[in-house]
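I'm opening my notebook on this one and jotting down what I look up as I go. Sequence and structure first, then my entries.

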Amino acid sequence: LIWNYPVYALADRVAQASQGRLQVLHSQGSVWAGQVQLGVSDGGRLYAIGEPLGWKLVFGQAGHWLGLALEHPKLLGVLHLGVNADGISIGNGEMRLPAAWLSALGAPFNTIRPEGLLQMRWQAWRHGQDMNVQIQWQDAQSALASIRPLGEYVISVTGNPDTKLNLDLKTRKGPLQLEGQGHWTAGQRFVFNGYASSDEKSREALTGLLSQMGRREGDQYRLGVF
């Protein structure tokens with residue numbers, strides 16, 4: 001029974017753990033090896049992730065008691081997760097996703113309706129160590145803006161998830177300027193302060209988008225303070 005435990009039996013647990021954001025649409029195989037098709041929900045609309053996620057459990061490899069090898073077309077290579085006495089570890093990885101999937105996170109993304117490509121890279125990480133994750137929004141576009149592309153943006157997440165994580169948002173290029181810093185401390189709420197603005201020649205064309213991104217303060221729009 002344990003060896004052939006079907007993965008569909010875990011579908012409800014996945015939905016509960018993610019508070020309904022992540023849902024299992026279809027699955028095959030057992031918890032030891034198989035595939036699952038996932039969907040992301042914003043509470044109303046469900047966004048299906050077209051390609052299935054494949055996995056395989058392995059034992060005693062690379063110094064880990066238990067390992068998990070994940071494969072997906074959006075992953076550039078196999079992603080290795082490991083568990084041992086020291087905790088969880090994650091191998092180097094890179095993932096590329098359509099920015100439209102951000103709409104599943106709800107406001108303000110479901111209003112802005114972003115388009116383009118999200119490129120996410122992370123360095124190998126072990127429990128207790130600092131992590132380094134970088135997310136690039138390339139060929140950034142929005143259904144609310146006639147200017148295409150809007151630019152290119154980078155979010156860097158660094159720090160120890162057991163104590164404090166820091167977030168930094170920067171603009172690499174483009175008429176839409178996004179800047180901000182934030183941090184999350186264990187046991188406390190996430191705090192973020194950021195601003196959106198535009199160059200003078202693009203201001204009129206981007207006013208509709210900027211007004212949906214935050215509250216106006218002079219020539220800037222405050223992205224959020226939580």
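This is a predicted model: local features need pLDDT of at least 70, side-chain atom pairs count only at pLDDT 80 or more; totals for chains, interfaces and linings use all residues.

Before anything else, a cut-off I need: a residue is buried when its relative accessible area is under 20%, exposed when over 50%, and partly exposed in between.

**Entry: threonine 171**

I looked up where threonine 171 sits, and its place is in strand β13, residues 164-173. Is threonine 171 buried or exposed? Its relative accessibility is 16%, and since buried means under 20%, threonine 171 counts as buried. Next I checked what its side chain is up to. A polar atom of the threonine 171 side chain lies 2.7 Å from the backbone nitrogen of leucine 178. Then I listed its contacts, skipping neighbours within four places in sequence: Glu152, Tyr153, Leu176, Gln177, Leu178 and Glu179. So leucine 178 turns up in both look-ups, because it is in the contact list and its backbone nitrogen is the one at 2.7 Å, well within the 3.5 Å cut-off for a polar contact.

**Entry: strands around β4**

I moved on to β4, residues 53-59, and looked for its partners. Strand β2 (residues 33-41) is joined to β4 by four bridges, and the two run antiparallel. One detail I noted here is that valine 36 has leucine 53 of β4 as its bridge partner. Which way do β4 and β5 run, and how many bridges join them? They are antiparallel too, with six bridges between β4 and β5 (residues 66-71). Across from lysine 56 I found alanine 69, which is in β5.

**Entry: aromatic pairs**

I found three aromatic pairs in the structure. One of them is tryptophan 32 with phenylalanine 59, a tilted pair with 6.1 Å from centre to centre and 40° between the planes. That pair links distant parts of the chain: tryptophan 32 is in the loop between β1 (22-29) and β2, phenylalanine 59 is in β4, and they are 27 residues apart.

Another is phenylalanine 190 with phenylalanine 192. Why is this pair called stacked? Their planes are at 15°, with the centres 6.3 Å apart, and planes under 30 degrees apart count as stacked. I checked burial as well: phenylalanine 192 is buried at 9%, whereas phenylalanine 190 is partly exposed at 34%.

**Entry: helix α3**

Last, I looked up the buried residues of α3 (residues 203-213), and they are Leu206, Leu209, Leu210 and Met213. These cover an arc of only 105° around the axis, so they lie on the same side of α3. The general rule I wrote beside this: an α-helix has 3.6 residues a turn, so residues three or four places apart point the same way.

Methods
Residues are numbered from 1 along each chain as its sequence is written. Side-chain values use heavy atoms; hydrogens and water are left out. Two strands pair if DSSP finds at least two bridges between them. Rings of Phe, Tyr and Trp (its six-membered ring) pair if their centres lie within 6.5 Å; planes under 30 degrees apart count as stacked, over 60 as edge-to-face and the rest as tilted. Buried means under 20% relative accessible area, exposed over 50%, partly exposed in between (1.4 Å probe, protein chains only). The arc is that of the directions from the helix axis to the C-beta atoms. A polar contact is a pair of N or O atoms within 3.5 Å; within protein, one must be able to donate a hydrogen and the other to accept it, and residues adjacent in sequence count only if both atoms are side-chain atoms. Contact means heavy atoms within 4.5 Å.
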